[in-house]
Amino acid sequence: MANNLLAGKKGVIFGALDDKSIAWKVAERCVEEGAQITLTNAPVALRFGQINELGERLNAEIIPADATSMEDLEALFTKSMEVMGGKLDFVLHSIGMSINVRKGRPYTDLKYDWMQKTFDISAISFHRVMQTLWHMDAMKEWGSILALTYIAAQRTFPDYNEMAESKALLESFARSFGYHFGTAKKVRVNTISQSPTWTTAGSGVKGFDEFFGYADKMSPLGNAPAEACADYCVSMFSDLTRMVNMQNLYHDGGFSNMGMNPAVLGL
Ligand SMILES: NC(=O)c1ccc[n+]([C@@H]2O[C@H](COP(=O)([O-])OP(=O)(O)OC[C@H]3O[C@@H](n4cnc5c(N)ncnc54)[C@H](O)[C@@H]3O)[C@@H](O)[C@H]2O)c1
């Protein structure tokens, strides 16, 4: 289903770890639509993940960067512009990690040094990415910056833990930077709020299996798969969505606007 929607565009994609990762699917779709990309992930993830295979297949340079390091981010964008020969049209932030979630700490007994790490990796990194792009003047006019988020930023999902606050912060950074980038450089910044998806980050949340099934039943269209999220990202990077800015866009089969679905009750 390629329509050359991203022909001639250059982008940087964060967060492809393995073939389950949402960023992995986005990378594949962007290249299918004619974009040139570089791929990046934390150095440790590059050692354990399968990103080399993806890079080779998509003819995309892989540039390691810890998204909490300003030095790494500056080097990443410098190298990306060098290998692709110009400024960037789009950037995807697809990063999330919480040690409290990983270690099964309940919300009422969180470790604060871990919480700070969660915020730094999962949310502040998005500000770091944008601030680096801003100072380097690395975005082309009418470019598009996107991050992935989850509805726990607005509603309570107890097992999502401190990632809820992390996503609230992330979405707020998108609005605030969307003002600055929009005004000064005609660049838009948005977040896509995705359905539960079977990935390393997603399935690390307690009770994910049951919750996935619940959300699937609750949504009139069912859960949105990663491939459909990739399609949505492509449209947000394309010139068809130039005036969409500072939005949190639900991509969830209708889940966010449901009250009760009889299917959940087995009716
Ligand atoms: N899976 C879901 O159910 C779901 C639902 C809504 C939103 N999301 C969001 O989608 C995004 C992608 O997650 P995913 O589900 O594809 O899982 P994933 O585990 O495949 O991706 C998370 C990525 O974050 C990277 N990362 C962690 N620490 C990093 C650091 N310091 N620097 C750079 N990268 C780092 C990991 O290496 C990994 O590639 C996340 O923001 C996640 O919160 C996921």
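**Exercise 1.** Which are the buried residues of helix α3 (residues 51-58)?

Solution. The model is a predicted one, in which local features need pLDDT of at least 70 and side-chain atom pairs count only at pLDDT 80 or more, while totals for chains, interfaces and linings use all residues. Residues are numbered from 1 along each chain as its sequence is written.

Step 1. Helices (H or I, at least four residues) and strands (E, at least two) are DSSP runs, numbered from the N terminus. A residue is buried if 20 or more other C-beta atoms lie within 10 Å of its own, exposed if 12 or fewer, and partly exposed in between, with C-beta atoms placed from the backbone.

Step 2. In α3 the buried residues are Ile51, Leu54 and Leu58. Because they cover an arc of only 60 degrees around the axis, they are on the same side of α3; the arc is that of the directions from the helix axis to the C-beta atoms. An α-helix has 3.6 residues a turn, so residues three or four places apart point the same way.

Step 3. On the face turned away from this buried side, α3 carries the exposed residues Asn52, Glu53, Glu56 and Arg57.

Step 4. The buried residues of α3 pack against α1 (22-32), β2 (36-40), α2 (43-48) and β3 (61-62), where a contact requires C-beta atoms, placed from the backbone, within 7 Å. After α3 comes Asn59, with a positive phi near 55 degrees.

**Exercise 2.** Determine which residues of α10 are buried, and what covers them.

Solution. Step 1. Helix α10 (residues 226-237) has 12 residues and reaches 16 Å from its first C-alpha to its last, close to the 16 Å expected at 1.5 Å a residue; the expected span is 1.5 Å times one less than the number of residues.

Step 1. Its buried residues are Ala226, Cys229, Ala230, Cys233, Val234, Met236 and Phe237. Seen down the axis of α10, these residues fall within an arc of 160 degrees, so they line one face of the helix.

Step 2. Their cover includes β1 (10-14), α1, β4 (88-93), β5, β6 (188-194) and β7 (248-251).

**Exercise 3.** Which members of the largest nonpolar core touch the most other members?

Solution. Step 1. A nonpolar core is a set of buried Ala, Val, Leu, Ile, Met, Phe, Trp, Tyr and Cys residues joined through C-beta atoms within 7 Å.

Step 1. Among the 60 residues of the largest core, Ile13, Ala27, Ile37 and Cys233 touch the most other members. Leaving aside residues up to four places away in sequence, Ile37 touches Gly11, Val12, Ile13, Ala27, Cys30, Val31, Leu58 and Ala60.

Step 2. Another core, of 9 residues, lies apart from the largest one and has Tyr150, Ile151, Tyr160 and Ala164 among its members.

**Exercise 4.** Is Asp137 buried or exposed? Where is Met246 placed?

Solution. Step 1. Asp137 lies in the loop between α6 and β5. Asp137 is exposed, because 10 other C-beta atoms are within 10 Å. Although not a glycine, Asp137 has a positive phi of about 50 degrees.

Step 1. Met246 is in the loop between α10 and β7. With 17 other C-beta atoms within 10 Å, Met246 is partly exposed. Phi of Met246 is also positive, near 65 degrees, in a residue other than glycine.

Terms used:
Contact = placed C-beta atoms within 7 Å.
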